[in-house]
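Reader: I'm new to this one. Could you show it to me and walk me through a piece of it?

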Amino acid sequence: MEATRQVQAGTNGERVDLLERDSEFARLVSAAEGGKPLDRLWASALKLRRGPWKPATEPRGTHLGFLVLDGLLGRRVVVPDRGRSLELLGRGDLFSPWNEDSPSFSQIAWTVIEPSWIAALDQAFVAQVRQFPELLEALTDRALRRSRRIAVSAAIANTVGVEERLLLLLWQLTELWGRKARGGAVLPFRLSHQTLADLVGARRPTVTLALRGLTDRELLERGPAGEWILSGDPP
(Lines give C-alpha, C1' and ligand atoms only; values in the text may rest on other atoms or scores of the structure.)
Protein backbone atom coordinates (compact mmCIF):
# COMPACT_ATOMS: atom_id res chain seq x y z
CA MET A 1 0.00 0.00 0.00
CA GLU A 2 2.83 2.40 0.86
CA ALA A 3 4.50 1.89 -2.52
CA THR A 4 1.18 2.48 -4.29
CA ARG A 5 0.65 5.74 -2.42
CA GLN A 6 4.14 6.86 -3.35
CA VAL A 7 3.47 6.38 -7.06
CA GLN A 8 0.02 8.00 -7.02
CA ALA A 9 1.17 11.01 -4.98
CA GLY A 10 3.97 11.82 -7.38
CA THR A 11 1.93 11.32 -10.53
CA ASN A 12 -1.02 13.40 -9.34
CA GLY A 13 0.91 16.28 -7.79
CA GLU A 14 4.56 17.24 -8.13
CA ARG A 15 6.09 18.64 -11.28
CA VAL A 16 9.74 19.55 -11.71
CA ASP A 17 11.64 21.53 -14.31
CA LEU A 18 14.38 19.22 -15.56
CA LEU A 19 16.33 22.18 -16.95
CA GLU A 20 16.78 23.32 -13.34
CA ARG A 21 17.43 19.86 -11.93
CA ASP A 22 19.77 18.49 -14.61
CA SER A 23 22.68 20.65 -15.79
CA GLU A 24 23.37 18.45 -18.82
CA PHE A 25 19.83 18.93 -20.13
CA ALA A 26 20.10 22.70 -19.62
CA ARG A 27 23.43 22.82 -21.47
CA LEU A 28 22.12 20.80 -24.42
CA VAL A 29 19.02 22.96 -24.79
CA SER A 30 21.06 26.18 -24.60
CA ALA A 31 23.48 24.90 -27.24
CA ALA A 32 20.74 23.76 -29.63
CA GLU A 33 20.52 25.43 -33.00
CA GLY A 34 18.49 28.61 -32.81
CA GLY A 35 19.20 29.35 -29.16
CA LYS A 36 17.02 28.20 -26.28
CA PRO A 37 13.45 27.63 -27.50
CA LEU A 38 12.58 25.70 -24.33
CA ASP A 39 12.32 27.77 -21.15
CA ARG A 40 11.03 24.85 -19.09
CA LEU A 41 11.14 21.08 -19.39
CA TRP A 42 8.42 19.73 -17.15
CA ALA A 43 8.14 16.19 -15.82
CA SER A 44 5.98 14.52 -13.18
CA ALA A 45 8.02 13.70 -10.09
CA LEU A 46 7.61 10.87 -7.61
CA LYS A 47 8.93 11.15 -4.07
CA LEU A 48 9.87 7.74 -2.68
CA ARG A 49 10.44 6.88 0.96
CA ARG A 50 12.89 4.27 2.23
CA GLY A 51 11.77 0.68 1.91
CA PRO A 52 10.45 -1.74 -0.72
CA TRP A 53 9.04 -0.12 -3.84
CA LYS A 54 6.71 -1.72 -6.33
CA PRO A 55 6.35 0.32 -9.55
CA ALA A 56 2.87 0.90 -10.88
CA THR A 57 1.66 -1.16 -13.81
CA GLU A 58 3.18 -0.25 -17.16
CA PRO A 59 1.49 2.91 -18.49
CA ARG A 60 -0.14 3.13 -21.88
CA GLY A 61 1.50 5.15 -24.61
CA THR A 62 5.10 6.25 -24.92
CA HIS A 63 7.12 6.11 -21.71
CA LEU A 64 10.92 6.25 -21.59
CA GLY A 65 11.12 5.26 -17.95
CA PHE A 66 12.30 7.20 -14.89
CA LEU A 67 15.21 9.56 -14.32
CA VAL A 68 16.71 9.61 -10.83
CA LEU A 69 16.95 13.21 -9.64
CA ASP A 70 18.16 12.53 -6.12
CA GLY A 71 18.56 9.71 -3.61
CA LEU A 72 19.46 6.07 -4.10
CA LEU A 73 17.51 3.03 -5.31
CA GLY A 74 18.43 -0.62 -5.47
CA ARG A 75 17.50 -3.24 -8.05
CA ARG A 76 17.96 -6.66 -6.51
CA VAL A 77 18.11 -9.85 -8.59
CA VAL A 78 17.44 -13.03 -6.63
CA VAL A 79 17.91 -16.62 -7.75
CA PRO A 80 16.02 -18.52 -5.03
CA ASP A 81 18.21 -20.82 -2.93
CA ARG A 82 21.23 -19.85 -5.05
CA GLY A 83 22.28 -16.23 -4.70
CA ARG A 84 21.49 -12.58 -5.30
CA SER A 85 23.02 -9.38 -6.57
CA LEU A 86 22.28 -5.70 -6.18
CA GLU A 87 22.59 -2.76 -8.56
CA LEU A 88 22.47 0.80 -7.25
CA LEU A 89 20.88 3.68 -9.16
CA GLY A 90 21.50 7.28 -8.21
CA ARG A 91 21.37 10.81 -9.51
CA GLY A 92 21.32 10.95 -13.32
CA ASP A 93 20.49 7.28 -13.90
CA LEU A 94 17.75 6.25 -16.31
CA PHE A 95 15.73 3.07 -15.78
CA SER A 96 12.54 1.39 -16.92
CA PRO A 97 11.18 -1.05 -14.31
CA TRP A 98 8.82 -2.66 -16.82
CA ASN A 99 11.40 -3.76 -19.38
CA GLU A 100 12.89 -6.74 -17.57
CA ASP A 101 14.42 -9.57 -19.56
CA SER A 102 15.78 -11.60 -16.66
CA PRO A 103 15.63 -15.42 -16.82
CA SER A 104 12.47 -17.12 -15.59
CA PHE A 105 14.31 -18.60 -12.58
CA SER A 106 15.20 -15.16 -11.17
CA GLN A 107 13.15 -12.55 -9.32
CA ILE A 108 13.45 -8.76 -9.39
CA ALA A 109 12.77 -6.53 -6.40
CA TRP A 110 13.14 -2.76 -6.03
CA THR A 111 14.02 -0.95 -2.84
CA VAL A 112 14.52 2.70 -1.91
CA ILE A 113 17.78 2.87 0.02
CA GLU A 114 17.82 6.66 0.48
CA PRO A 115 14.74 8.91 0.08
CA SER A 116 14.54 9.58 -3.64
CA TRP A 117 13.06 11.82 -6.30
CA ILE A 118 12.45 10.28 -9.71
CA ALA A 119 11.02 11.97 -12.80
CA ALA A 120 8.63 10.16 -15.12
CA LEU A 121 9.69 10.53 -18.76
CA ASP A 122 6.19 9.92 -20.03
CA GLN A 123 4.25 10.90 -23.12
CA ALA A 124 4.00 14.53 -22.01
CA PHE A 125 7.77 14.68 -21.56
CA VAL A 126 8.42 13.08 -24.96
CA ALA A 127 6.14 15.64 -26.64
CA GLN A 128 8.33 18.45 -25.27
CA VAL A 129 11.62 17.02 -26.55
CA ARG A 130 10.62 15.83 -30.03
CA GLN A 131 12.51 18.73 -31.57
CA PHE A 132 15.61 18.06 -29.46
CA PRO A 133 17.38 14.92 -30.68
CA GLU A 134 20.30 15.99 -28.48
CA LEU A 135 18.22 15.26 -25.37
CA LEU A 136 17.14 11.84 -26.62
CA GLU A 137 20.77 11.04 -27.46
CA ALA A 138 21.77 12.09 -23.94
CA LEU A 139 19.22 9.69 -22.46
CA THR A 140 20.52 6.87 -24.67
CA ASP A 141 24.06 7.66 -23.54
CA ARG A 142 22.99 7.46 -19.90
CA ALA A 143 21.53 4.01 -20.47
CA LEU A 144 24.84 2.96 -22.03
CA ARG A 145 26.80 4.45 -19.13
CA ARG A 146 24.75 2.37 -16.74
CA SER A 147 25.52 -0.83 -18.70
CA ARG A 148 29.23 0.01 -18.70
CA ARG A 149 29.10 0.61 -14.95
CA ILE A 150 27.57 -2.83 -14.45
CA ALA A 151 30.56 -4.29 -16.30
CA VAL A 152 32.93 -2.51 -13.91
CA SER A 153 30.92 -3.80 -10.96
CA ALA A 154 31.25 -7.35 -12.31
CA ALA A 155 35.04 -6.90 -12.50
CA ILE A 156 35.09 -5.66 -8.90
CA ALA A 157 33.00 -8.65 -7.78
CA ASN A 158 35.68 -10.94 -9.26
CA THR A 159 38.55 -9.24 -7.41
CA VAL A 160 40.28 -11.50 -4.90
CA GLY A 161 39.71 -10.49 -1.27
CA VAL A 162 36.58 -8.97 0.24
CA GLU A 163 38.48 -5.99 1.65
CA GLU A 164 39.78 -5.08 -1.79
CA ARG A 165 36.34 -5.57 -3.35
CA LEU A 166 34.76 -3.27 -0.79
CA LEU A 167 37.42 -0.62 -1.23
CA LEU A 168 37.05 -0.62 -5.02
CA LEU A 169 33.25 -0.56 -4.76
CA LEU A 170 33.17 2.36 -2.33
CA TRP A 171 35.53 4.39 -4.50
CA GLN A 172 33.43 3.61 -7.57
CA LEU A 173 30.27 4.85 -5.83
CA THR A 174 32.07 7.89 -4.43
CA GLU A 175 33.26 8.93 -7.89
CA LEU A 176 29.67 8.64 -9.10
CA TRP A 177 27.73 10.33 -6.29
CA GLY A 178 30.14 11.40 -3.59
CA ARG A 179 32.34 14.41 -3.04
CA LYS A 180 35.99 15.15 -2.48
CA ALA A 181 37.10 15.96 1.02
CA ARG A 182 40.35 16.88 2.71
CA GLY A 183 42.57 13.82 2.59
CA GLY A 184 40.08 11.67 0.68
CA ALA A 185 36.41 11.58 -0.27
CA VAL A 186 32.93 11.10 1.23
CA LEU A 187 30.11 8.82 0.11
CA PRO A 188 27.02 10.41 1.69
CA PHE A 189 24.85 7.28 1.73
CA ARG A 190 24.18 5.11 4.78
CA LEU A 191 24.82 1.76 3.11
CA SER A 192 24.23 -1.12 5.51
CA HIS A 193 26.57 -4.09 5.84
CA GLN A 194 23.96 -6.29 4.15
CA THR A 195 23.67 -3.88 1.22
CA LEU A 196 27.45 -3.87 0.80
CA ALA A 197 27.46 -7.67 1.02
CA ASP A 198 24.93 -7.91 -1.81
CA LEU A 199 27.00 -5.50 -3.90
CA VAL A 200 30.28 -7.41 -3.59
CA GLY A 201 28.90 -10.95 -3.53
CA ALA A 202 29.80 -11.85 0.07
CA ARG A 203 28.07 -12.74 3.33
CA ARG A 204 27.24 -10.01 5.78
CA PRO A 205 29.50 -11.27 8.61
CA THR A 206 32.40 -11.43 6.16
CA VAL A 207 31.74 -7.86 5.08
CA THR A 208 31.61 -6.70 8.70
CA LEU A 209 35.08 -8.19 9.30
CA ALA A 210 36.38 -6.70 6.05
CA LEU A 211 35.13 -3.23 7.01
CA ARG A 212 36.86 -3.57 10.34
CA GLY A 213 40.05 -4.47 8.50
CA LEU A 214 39.80 -1.41 6.25
CA THR A 215 39.21 0.76 9.31
CA ASP A 216 42.28 -0.70 11.02
CA ARG A 217 44.29 0.09 7.86
CA GLU A 218 42.99 3.69 8.11
CA LEU A 219 41.48 3.50 4.63
CA LEU A 220 37.88 3.87 5.71
CA GLU A 221 35.74 5.19 8.54
CA ARG A 222 32.06 5.75 9.28
CA GLY A 223 31.00 9.36 9.69
CA PRO A 224 28.67 10.70 12.41
CA ALA A 225 25.65 10.63 10.05
CA GLY A 226 26.40 7.12 8.80
CA GLU A 227 28.27 8.27 5.68
CA TRP A 228 31.42 6.49 4.49
CA ILE A 229 34.68 8.47 4.58
CA LEU A 230 37.49 7.21 2.34
CA SER A 231 41.10 8.18 2.99
CA GLY A 232 43.81 8.82 0.45
CA ASP A 233 43.42 8.25 -3.27
CA PRO A 234 41.51 5.61 -5.28
CA PRO A 235 43.40 2.29 -5.37
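Reader: Which residue just after H8 takes a positive phi?

Author: Keep in mind that this is a predicted model. The residue to look for sits in the loop between H8 and E10. With phi at about 60 degrees, the residue just after H8 is Glu-218.

Reader: Is Glu-218 buried or exposed?

Author: The cut-off for that label is over 50% relative accessible area. Glu-218 has 63% relative accessibility, so it counts as exposed.

Reader: Back to the helix, then: which residues of H8 are buried?

Author: H8 covers residues 204-216, and its buried residues have covers that include helix H6 (162-177), H7, strand E10 (220-222) and strand E11 (228-231). Residues three or four places apart in an α-helix point the same way, because there are 3.6 residues a turn. The buried ones in H8 are Val-207, Thr-208, Ala-210, Leu-211, Gly-213 and Leu-214.

Reader: What is the angle at which the axes of H7 and H8 cross?

Author: Their axes come within 8 Å. An angle of 65 to 115 degrees counts as roughly perpendicular, and H7 is roughly perpendicular to H8. The crossing is at roughly 100 degrees.

Reader: How do the residues of the contact of H7 with H8 divide into nonpolar, polar and charged?

Author: From H7 come His-193, Gln-194, Leu-196, Ala-197 and Val-200. H8 brings Arg-204, Val-207, Thr-208 and Leu-211; of these, Val-207, Thr-208 and Leu-211 are also among the buried residues of H8. The contact divides into five nonpolar, three polar and one charged.

Key: Residues are numbered from 1 along each chain as its sequence is written. This is a predicted model: local features need pLDDT of at least 70, side-chain atom pairs count only at pLDDT 80 or more; totals for chains, interfaces and linings use all residues. Side-chain values use heavy atoms; hydrogens and water are left out. Axes are lines fitted to C-alpha atoms, for helices over the stretch in contact, and angles run from 0 to 180 degrees between N-to-C directions. Helices (H or I, at least four residues) and strands (E, at least two) are DSSP runs, numbered from the N terminus. Angles under 35 degrees count as roughly parallel, over 145 as roughly antiparallel, 65 to 115 as roughly perpendicular and the rest as oblique. Contact means heavy atoms within 4.5 Å. Ala, Val, Leu, Ile, Met, Phe, Trp, Tyr, Cys and Pro count as nonpolar, Asp, Glu, Lys and Arg as charged, and the others, Gly among them, as polar. Buried means under 20% relative accessible area, exposed over 50%, partly exposed in between (1.4 Å probe, protein chains only).
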